[in-house]
Amino acid sequence: MPTHTMRAIRLHEFGGPEVLRYEEVPVPEPGPGEVLVRVRAVGVNPPDWYAREGMPDVPPELKPPVDLPLIPGTDVSGVVAAVAADVSGFAVGDEVIGLLRFPTVLQGSAYAEFVTAPTSDLARKPAAIDHVHAAGLPMSGLTAWQFLIELGHDHPSPFQEARHRPMALDGGTTVLINGAAGGVGHLALQLAKWKGARVIAVASGAHETFLRELGADEFIDYTKERPEEAVRGVDLVLDTVGGPGSRRFLRTLKRGGSLYPVYFGAFDDKENAELGVTVTATQVRSNGAQLAELGRLLDTGAVRVAMDSTFALADARAAHERAARGHIRGKIVLTVDQG
Ligand SMILES: NC(=O)c1ccc[n+]([C@@H]2O[C@H](COP(=O)([O-])OP(=O)(O)OC[C@H]3O[C@@H](n4cnc5c(N)ncnc54)[C@H](OP(=O)(O)O)[C@@H]3O)[C@@H](O)[C@H]2O)c1
């Protein structure tokens with residue numbers, strides 16, 4: 001059994017990477033339906049720094065409740081250390097991965113040596129990969145899955161009324177992925193290729209070899225060429241960059257095509273109707289069953305998680321500083337020393 005205290009990263013006030021403090025805190029206790037996970041690695045995601053900053057861009061009514069001090073982190077890979085009395089299906093010693101409680105709470109407290117996890121958020125760690133790569137999967141992988149393959153829930157996006165329904169992908173579909181080298185983008189590219197689609201990857205030039213190795217059929221360096229001018233007649237744009245600039249991709253779509261902005265932006269229903277296209281989005285949600293399906297693709301090698309960089313848990317500040325420099329290729333992951 002674990003000892004009573006553990007090391008964790010906490011923030012006591014919102015701000016820059018310097019607010020992330022490495023501290024001694026109590027080990028949490030699993031509630032009903034939960035297990036305690038001994039954390040081996042933690043995936044770093046944009047919501048980690050949105051939370052660290054106090055979510056300045058999110059309207060107050062959409063902000064989940066938050067109590068400080070807060071342990072950030074949603075993505076975990078580790079080993080089950082204890083189980084609540086009512087838990088079946090997971091046992092001490094199982095290797096697991098999960099996107100924890102997203103978006104129910106602001107952060108899932110994964111930047112720690114131990115974290116509690118609802119079993120519904122967990123899947124077995126893919127046996128073929130290590131904890132570091134496995135920790136990079138949950139949020140980015142589930143985002144790509146829920147946008148492109150299967151939504152898996154009925155919750156409307158808080159940012160858009162239209163219900164998201166992934167378009168069926170096959171050998172006749174052309175998909176443009178903007179921000180293709182990032183956490184969501186590199187996994188979305190591989191899922192689209194797994195379905196047989198033709199993929200146009202958009203990223204800065206340094207990522208070309210990486211993205212072609214992952215299966216990109218065409219590559220556009222957005223620093224040299226405007227993808228919205230170079231491309232016409234695609235079925236689907238997955239824009240992982242999103243925001244106000246996402247609308248420019250509407251003109252790349254054929255009639256009947258769809259744009260999926262992963263980060264919310266502003267669109268005009270009238271313009272979409274005139275172009276004969278649809279724009280829909282979703283907010284990723286924890287889903288252990290979908291994560292298990294993704295895990296099988298990692299086990300077969302159909303999909304892989306690429307590593308941008310790794311940092312020790314104690315150096316979470318440096319990991320956030322790395323993220324702030326941008327141009328991420330794959331995932332940033334924190335490793336947790338089990339000494
Ligand atoms: N809807 C949801 O539930 C959901 C879930 C997960 C993430 N998100 C959002 O999706 C976004 C992406 O997340 P992520 O984890 O994939 O981020 P990430 O790992 O930081 O990747 C972002 C990628 O975008 C590229 N990029 C930046 N500017 C670009 C531009 N102008 N044109 C093309 N590519 C550009 C970056 O590299 P280069 O510039 O070098 O190409 C980087 O590879 C974030 O805003 C996140 O908040 C939303």
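A polar contact is a pair of N or O atoms within 3.5 Å; within protein, one must be able to donate a hydrogen and the other to accept it, and residues adjacent in sequence count only if both atoms are side-chain atoms. The model is predicted, with local features needing pLDDT of at least 70 and side-chain atom pairs pLDDT 80 or more, while totals for chains, interfaces and linings use all residues. Residues are numbered from 1 along each chain as its sequence is written, and side-chain values use heavy atoms, without hydrogens and water.

In the ligand site, an N or O atom in the side chain of H327 lies 2.6 Å from an oxygen atom of the ligand. The backbone contributes as well: a polar backbone atom of V284 is 2.7 Å from a ligand oxygen, and a backbone N or O atom of T240 is 3.4 Å from one. On its own the ligand has 920 Å² of accessible area (Shrake-Rupley method, 1.4 Å probe), and the protein covers 84% of this. Around the ligand are 23 residues (a heavy atom within 4 Å), of which Y50, S204, Y222, H327 and I328 come nearest. Two or more residues of this shell come from each of α1 (46–52), α3 (138–148) and α4 (183–194); helices are DSSP runs of H or I with at least four residues, strands runs of E with at least two, both numbered from the N terminus. The shell has 12 nonpolar and 11 polar residues but no charged ones, where Asp, Glu, Lys and Arg count as charged, Ala, Val, Leu, Ile, Met, Phe, Trp, Tyr, Cys and Pro as nonpolar, and the others, Gly among them, as polar.

Charged residues pair elsewhere. The structure holds 20 salt bridges (a side-chain nitrogen of Lys or Arg within 4 Å of a carboxyl oxygen of Asp or Glu). In one of them, E218 and R198 meet at 2.2 Å, N to O. E218 belongs to strand β10 and R198 to strand β9, so the pair ties together parts 20 residues apart in sequence.

R248 and E228 form another salt bridge, at 2.9 Å. This pair joins the loop between β11 (234–239) and β12 (253–261), where R248 lies, to helix α6, which holds E228. E228 is buried at 3% relative accessible area, whereas R248 is partly exposed at 32%; buried means under 20%, exposed over 50%, and partly exposed in between (1.4 Å probe, protein chains only).
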